[in-house]
Amino acid sequence: MERTTADRSLSRRGMLKLAGAAGAGAGAIGAAAGTASAVPPARKGGFTHPALLHTQADFDRMAEKVKAGAQPWADGWKRLLSSRDSSTDYRPRPVATVSRAAEGANVHLLFRDAAAAYQNALRWKITGDTQHADKARDILNGWSATLKELSGDTSRYLMAGIQGYQMANAGEIMRDYDGFDLGRFQSMMVDIFYPMNDYFLVNHNDAVPTNYRANWELCTLASIIAIGGLTEDQAKIDRAVDYFKNGDGNGCVKRAVPILHEEADGVVLGQWEESGRDQEHTMAGVGWMGALCEMAWNLGEDLYGYDDNRFMKGAEYVARYNLGKDVPYNTYSRRIGRRVAGQVGGLHTETEISDQGRGSSRPIWALIHNHYAVRRGLDVPNITAYKDKLTPEDGGGLRGGAGWSYDHLGYGTLTYTRDPQDVGDSAPGAARETKTADKASGSATGGGTRPQGGSTATDDLAATGAGGVLTWSAVGASALAGGLLLLRRHGRGANTPGADA
């Protein structure tokens with residue numbers, strides 16, 4: 001039975017005092033297993049590539065396991081080989097303008113080519129077959145020579161985020177390969193993708209900060225940190241990290257996971273921001289937060305452990321519910337609508353958890369499991385069970401080639417599985433020296449349900465009501481927003497703030 005205590009709101013000043021990267025496993029769900037203590041991060045140093053989703057050590061592990069026919073890597077490898085997009089016969093179709101809109105969309109050209117470049121790059125790094133390297137190189141060179149514009153309705157910002165981080169990761173793998181035009185590719189990412197990422201994060205498409213739901217900002221942050229790593233731009237990396245900790249929209253982890261539920265056995269679950277909407281968008285956001293955290297880890301930042309492993313608690317909540325189990329849920333509210341001076345926007349409330357899309361098969365769980373359970377040796381039973389359910393994980397182009405299958409690069413069984421002896425064996429910054437982490441904070445005191453915001457009462461549009469501050473109540477009304485791919489399912493105006501929230 002869940003215990004409840006008095007809820008509290010956090011001012012921005014108070015939140016900033018609490019903000020910090022958690023250590024290895026403080027407040028972990030369940031009992032820690034293995035050596036869950038983290039090696040203290042060192043100072044930040046130079047870049048060693050590849051440094052985004054995969055390091056050279058990761059590729060060495062994949063190659064060794066595949067060559068030996070070891071499981072489950074061998075089954076993951078077979079899944080990659082079964083993808084039509086991983087073939088050297090794949091034909092890319094770069095265009096000058098890519099549109100993601102209700103009508104006339106051609107975004108499939110970009111998301112398929114991004115997946116094909118990544119998958120061929122993987123096959124090259126694992127086998128050494130340069131035919132796959134040539135294919136990945138040619139796909140990326142073709143786009144950097146051709147692409148001029150990302151267009152469409154509001155969902156163009158999703159395209160800039162999702163395909164932005166995916167293209168950057170493919171380019172990162174290929175950066176030193178003969179004939180790859182790294183400079184031109186970096187210019188494409190900085191001049192075409194990043195400005196859209198930047199505009200959305202700053203202006204929220206002229207909406208109040210919490211109008212767009214968590215998944216929108218999480219894919220945007222993934223793109224920003226990926227472009228930062230690709231171009232060795234520390235300011236972009238720092239920007240993504242700071243927004244994850246302190247942002248005014250739902251990409252901030254305290255807004256993406258706004259309510260913490262402590263149960264009678266001491267397990268803490270984090271209610272996800274989109275849980276009352278549907279499970280497809282919820283799980284998409286979990287996947288992009290995982291990608292963001294993994295890239296940050298390899299760049300020397302521990303976002304996985306930030307705020308007492310808050311992401312882990314949110315992922316456990318989502319996994320548990322989607323496995324068919326019950327989870328606690330508190331009524332959740334967020335501010336929506338166009339940004340107008342002197343106004344706070346309308347209040348949208350979700351009173352119960354949604355079962356729409358429950359049990360979705362997104363290939364996101366191997367990455368999360370292998371950080372918390374293997375790197376950190378923590379007990380994450382629901383994340384682990386979901387990972388087991390989907391082993392070996394699919395990737396883009398499988399599941400019938402449906403468009404949503406390209407939302408995540410996937411193939412995590414192959415790329416992220418680590419041996420149990422790797423427990424506690426790594427620290428942030430596998431690809432570089434790391435900077436000193438903040439102190440862990442934000443753990444529950446006295447149990448119960450704790451919504452946590454992250455801004456002043458006047459600035460936090462999700463925590464302000466028509467007559468002033470909307471008190472954090474026992475039902476957990478909290479401030480958040482966002483939206484994603486199901487945009488094409490509802491026939492609402494895609495350029496209207498609040499319509500696609």
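Visitor: Which residues does Met174 touch, not counting residues up to four places away in sequence?

Guide: This is a predicted model: local features need pLDDT of at least 70, side-chain atom pairs count only at pLDDT 80 or more, and totals for chains, interfaces and linings use all residues. Residues are numbered from 1 along each chain as its sequence is written, and side-chain values use heavy atoms, without hydrogens and water. With contact taken as heavy atoms within 4.5 Å, and leaving out residues up to four places away in sequence, Met174 touches Ala121, Trp124, Ala133, Ala136, Arg137, Leu140 and Phe180.

Visitor: How many of the 17 residues of α12 are buried?

Guide: Helix α12 (a DSSP run of H or I, at least four residues) covers residues 306–322, and its end C-alpha atoms are 24 Å apart, in agreement with the 24 Å that its 17 residues should span at 1.5 Å a residue. After α12 comes Gly324, with a positive phi near 95 degrees. Buried means under 20% relative accessible area (exposed is over 50%, partly exposed in between; 1.4 Å probe, protein chains only). α12 is mostly covered, since the number of its residues that are buried is 17.

Visitor: Which residue's backbone nitrogen does the side chain of Thr413 reach?

Guide: Thr413 lies in helix α15, residues 412–416, and is buried at a relative accessible area of 2%. Among the residues touched by Thr413 are Pro72, Trp73 and Thr391. Thr391 is 22 residues away from Thr413 in sequence, but their C-alpha atoms are 6.4 Å apart in space. At 2.8 Å, the side chain of Thr413 reaches the backbone nitrogen of Glu393.

Visitor: Is the ring pair of Trp297 and Tyr304 stacked or edge-to-face?

Guide: Rings of Phe, Tyr and Trp (its six-membered ring) pair if their centres lie within 6.5 Å; planes under 30 degrees apart are stacked, over 60 edge-to-face, the rest tilted. The whole structure has 14 aromatic pairs. Trp297 and Tyr304 are both buried. Their ring centres are 6.2 Å apart and their planes at 70 degrees, so the pair is edge-to-face.

Visitor: What is the relative accessible area of Asp206?

Guide: Asp206 is in the loop between α7 and α8, and has a positive phi of about 65 degrees although it is not a glycine. Asn205 lies in the loop between α7 (182–203) and α8 (214–231), has a positive phi near 55 degrees, and is buried at 11%. Asp206 is partly exposed, with a relative accessible area of 31%.

Visitor: What is omega for the peptide bond from Gln71 to Pro72?

Guide: Pro72 lies in the loop between α2 and α3 (73–81). The peptide bond from His49 to Pro50 is cis, with omega near -5 degrees. The bond from Gln71 to Pro72 is also cis, with omega near 5 degrees.

Notes:
Helix = DSSP H or I, 4+ residues; strand = E, 2+ residues; numbered from the N terminus. Polar contact = N/O pair within 3.5 Å; in protein donor to acceptor, adjacent residues only side chain to side chain. Expected span 1.5 Å × (residues − 1).
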